[in-house]
Amino acid sequence: MTASEAWNEIPNEAAGLVSRAQAGDTAAFERLYRQHASRVYAMCLRITADRPAAEECTQDAFIRAWEALAQFRGDSSFGTWLTRIAINVALQRLKLDRRHLRLIQPAGEQLLDNLPAPADMPEADMDMERLIATLPAAARAVFVLHAIEGYSHEDIAELTGTAIGTCKAHVHRARQLLQARFKT
Amino acid sequence: MNGKPDDTLDTALTKLPKSIEPEHDLWPVIAANINRRREQARHGWNYAAAAAAVMVATAVIAWTMFGLHAPTPVNSNFASTVPPSSPAPVSAPDIRAQFVAGIAADPGLPAASRAAFVNNLHFLHAEILRTQAAVEKYPNDVNLRLLLLDLYQQESQLMGEAQRAQIQTTVRTTL
């Protein structure tokens, strides 16, 4: 499954709503929001691992999408286009948060290493979502985009502005960390 | 993803929901932001139009005060649009047309300068009309609004330069 295939849009309906929204129809844009908000929110939540941040990113992504609607030419589906915007917003947010984190906690990236050992942690609490949330920020973002959203390493490298090798390393590291904790 | 389809990790990953409903409706904040930005853009456009109209009006008033009345048309099509005794201008387009006609018919300005001012003012005006039409068609396109604002500024600037040239020639003649 690719990221663009995951949206299951009804092409004509989406195109109609987008055209109306491009003409300034906020009701049409609200329909688009209702169709896509939960997917955008899920992705933002997994990347940021923080509910308030994910809510803000979702809102910001839709506001930016509204402002850039005139530039949407329909080369990809609206969902795919919107996801790209949301990813950029979430990654930007992550960078800001990490900058703040460094100021108050220089070893913020090593958060996972400071977690209690799996044996000490009740398994019931360690569901997959929570495990992903404990990954280091950069590895988590890349892992979410690759393993859950279905983006290729090349796409992620372009989106995050990093080398393909770095993306692969992040995914590999994330998998190792998750497997180690998931098996126990 | 790692080449092991039976991997429990992969199985768990595939079970993750693609969608998660936010705990509360996020639309009201989005709608409020969109409306606020629309208002700002609309006001911005209105301010730009008002600013342009004020600048054009100022230019015409100064032009009138310095006594730069259009004399007999000199080799120009635009001069014919100037009324024999100019009444008070009522709208920006009228003001603009009178201003351009005045420049076109000003004998104090060199012919090449007159042609350059008139041609550029006409070109800018045509671009403004075209961009205005595009803004009406795509009211949410911020870039179009910025382009329109830029064109207004260019037009005002050019009018200011034309006016300055007229004043300089008038002062030279008076002295």
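Student: Which residues in α6(A) meet which residues in α7(A)?

Tutor: From α6(A) these are A:Val142, A:Leu145 and A:His146, and from α7(A) they are A:His153, A:Ile156 and A:Thr160, where contact means that C-beta atoms, placed from the backbone, lie within 7 Å. The model is a predicted one, in which local features need pLDDT of at least 70 and side-chain atom pairs count only at pLDDT 80 or more, while totals for chains, interfaces and linings use all residues. Residues are numbered from 1 along each chain as its sequence is written, and chains are lettered from A and ligands numbered from 1 in the order in which they are written.

Student: How do the axes of α6(A) and α7(A) cross?

Tutor: They come within 10 Å and cross at roughly 145°, with α7 of chain A covering residues 153-160; the axes are lines fitted to C-alpha atoms, for helices over the stretch in contact, and angles run from 0 to 180 degrees between N-to-C directions. By class, this contact of α6(A) with α7(A) holds three nonpolar, three polar and no charged residues. Here Ala, Val, Leu, Ile, Met, Phe, Trp, Tyr, Cys and Pro are nonpolar, Asp, Glu, Lys and Arg charged, and the others, Gly among them, polar.

Student: Ok, stepping back, how many helices and strands has chain A?

Tutor: Chain A has eight helices and zero strands, both being DSSP runs numbered from the N terminus (helices are H or I with at least four residues, strands E with at least two). Chain B, for its part, has five helices and zero strands.

Student: And what percentage of the residues in chain A is buried?

Tutor: In chain A, 37% of the 184 residues are buried, and in chain B the figure is 23% of 175 residues. Buried means 20 or more other C-beta atoms within 10 Å of the residue's own, exposed means 12 or fewer, and partly exposed is in between.

Student: Which residues in α2(A) meet α3(A)?

Tutor: On the α2(A) side they are A:Phe29, A:Tyr33, A:Ala37, A:Val40, A:Tyr41, A:Cys44, A:Leu45 and A:Thr48, and among their partners in α3(A) are A:Arg51, A:Cys57, A:Phe62 and A:Trp66. This contact of α2(A) with α3(A) divides into 13 nonpolar residues, two polar and one charged.

Student: At what angle do the axes of α2(A) and α3(A) cross?

Tutor: The two axes come within 8 Å and cross at roughly 140°, which makes α2(A) oblique to α3(A). Angles under 35 degrees count as roughly parallel, over 145 as roughly antiparallel, 65 to 115 as roughly perpendicular and the rest as oblique.

Student: Which residues in α2(A) meet α6(A)?

Tutor: A:Met43, A:Arg46 and A:Ile47 in α2(A) touch A:Arg140, A:Ala141, A:Val144 and A:Ile148 in α6(A). By class, the contact of α2(A) with α6(A) has five nonpolar, no polar and two charged residues.

Student: What lies in the loop between α2 and α3 of chain A?

Tutor: A:Ala49 lies in that loop, and its phi is near 55°, a positive value in a residue other than glycine. Most residues other than glycine have a negative phi. A:Ala49 counts as buried because 22 other C-beta atoms lie within 10 Å.

Student: How many residues has the largest nonpolar core?

Tutor: That core has 50 residues, and those with the most contacts inside it are A:Cys44, A:Ala86, A:Ala90, A:Val142 and A:Val144; a nonpolar core is a set of buried Ala, Val, Leu, Ile, Met, Phe, Trp, Tyr and Cys residues joined through C-beta atoms within 7 Å. Among the elements that give two or more residues to this core are α4 (78-104) of chain A and α2 (27-65) of chain B, and α2(A) gives the most, with eleven residues.

Student: How many residues of chain A are in contact with chain B?

Tutor: There are 28 residues of chain A in contact with 27 residues of chain B. The largest share of the chain A side, nine residues, comes from α2(A), and the residues of that side divide into 16 nonpolar, six polar and six charged.

Student: Switching to chain B, is B:Ser156 buried or exposed?

Tutor: B:Ser156, which is found in helix α5 (residues 142-174) of chain B, is buried because it has 20 C-beta neighbours inside 10 Å. Leaving aside neighbours within four places in sequence, B:Ser156 is in contact with B:Ala52 and B:Met55.

Note on methods:
Two residues are in contact if their C-beta atoms, placed from the backbone, lie within 7 Å.
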